Amino acid sequence: MTEIAELAAPITLTARAARQIARIIDGESKGTMLRVAVQGGGCSGFQYGFTLDDTRQDDDLVLERDGVTVLIDAVSVGYLAGSEIDYTDDLIGSAFKINNPNATSSCGCGTSFSV
């Protein structure tokens with residue numbers, strides 16, 4: 001773990017999210033991981049980004065659960081401290097959902113937020 005991650009509240013990954021990540025990376029090259037990042041933009045100021053990545057950076061926070069790996073860059077860790085990364089599948093759609101205690105407001109779809 002990075003020093004930043006050790007200072008911040010832990011970021012957790014639910015079993016549902018881990019199962020969905022495993023489905024997504026099934027068939028990808030060995031070593032493929034999910035990268036979660038906070039980027040400027042969206043209707044509330046910041047938005048969550050999800051990409052597949054096969055390269056771990058030295059300052060990445062690494063979350064592992066049930067055989068899958070999630071990478072979070074050092075800058076995003078501060079915005080995500082204390083968050084839970086989950087996956088929802090309901091009548092209006094399915095998506096990764098971040099339950100972020102640092103967000104003071106978010107858009108209706110939950111992909112952008114402000115702090």
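Trainee: Let me start with Arg-16: what is its relative accessible area, and how does that class it?

Mentor: Arg-16 has a relative accessible area of 43%, so it counts as partly exposed. Keep in mind that this is a predicted model.

Trainee: Which side chain does Arg-16 meet in a salt bridge?

Mentor: That would be Asp-86, at 2.5 Å from N to O. The pair links distant parts of the chain, with Arg-16 in helix H2 (residues 15-25) and Asp-86 in strand E6 (residues 84-90), 70 residues apart.

Trainee: And is Asp-86 buried or exposed?

Mentor: Asp-86 is buried, at 6% relative accessibility.

Trainee: How many salt bridges are there in the whole structure?

Mentor: A search of the whole structure turns up four. One of them is between the side chains of Arg-35 and Asp-53, at 2.8 Å from N to O. Arg-35 sits in strand E2 (residues 33-40) and Asp-53 in strand E3 (residues 46-53), so this bridge ties together parts that are 18 residues apart in sequence.

Trainee: Are those two buried or exposed?

Mentor: Arg-35 is buried, with a relative accessible area of 11%. Asp-53 is buried as well, at 18%. The cut-off for buried is under 20%, so both values qualify.

Trainee: What about Arg-65, which partner does it have?

Mentor: Arg-65 meets Asp-66 in a salt bridge, 3.5 Å from N to O. Arg-65 is partly exposed at 33%, while Asp-66 counts as exposed at 59% relative accessibility.

Trainee: OK, zooming out. How many helices and strands does the protein have?

Mentor: Three helices and nine strands. Going along the sequence, the pattern reads α-β-α-β-β-β-β-α-β-β-β-β.

Trainee: And what share of the residues is buried?

Mentor: 40% of the 115 residues count as buried. The accessible surface comes to about 6600 Å², and 49% of that belongs to carbon and sulfur atoms.

Trainee: Switching to the inside: how many residues are in the largest nonpolar core?

Mentor: The largest nonpolar core has 21 residues, and Val-70, Ile-72 and Ile-85 have the most contacts inside it. At least two core residues come from each of H2, E2, strand E4 (61-65), strand E5 (68-72), helix H3 (74-80), E6 and strand E7 (93-99). H2 gives the largest share, with four residues.

Trainee: Let's do strands. How many bridges join E6 to E7?

Mentor: Seven bridges join them, and the two strands run antiparallel. For instance, Glu-84 has Asn-99 in E7 as its bridge partner.

Trainee: Last topic, the rings. How many aromatic pairs does the structure hold?

Mentor: Three. In one of them, the ring centres of Phe-46 and Tyr-79 are 4.8 Å apart with planes at 45 degrees, so that pair is tilted. Phe-46 lies in strand E3 and Tyr-79 in helix H3, so the pair ties together parts 33 residues apart in sequence. Phe-46 is partly exposed at 22% relative accessibility, and Tyr-79 is partly exposed at 27%.

Trainee: And how are the rings of Tyr-87 and Phe-96 arranged?

Mentor: Their centres are 5.2 Å apart and their planes are at 70 degrees, so Tyr-87 and Phe-96 form an edge-to-face pair. Tyr-87 is buried at 13%, and Phe-96 is buried at 18%.

Trainee: Which rings make up the cluster?

Mentor: Phe-50, Tyr-87 and Phe-96 are linked into a cluster by ring pairs.

Terms used
Residues numbered from 1 in each chain as written. Predicted model: local features only at pLDDT ≥ 70, side-chain atom pairs only at ≥ 80, totals over all residues. Heavy atoms only, no water. Buried < 20%, exposed > 50% of the residue type's maximum accessible area, 1.4 Å probe, protein only. Areas by Shrake-Rupley, 256 points an atom, 1.4 Å probe, with all protein chains shown as cover. Core = buried A, V, L, I, M, F, W, Y, C linked by side-chain atoms within 4.5 Å. Pairing = 2+ DSSP bridges. Phe/Tyr/Trp six-rings, centres within 6.5 Å; stacked < 30°, edge-to-face > 60°.
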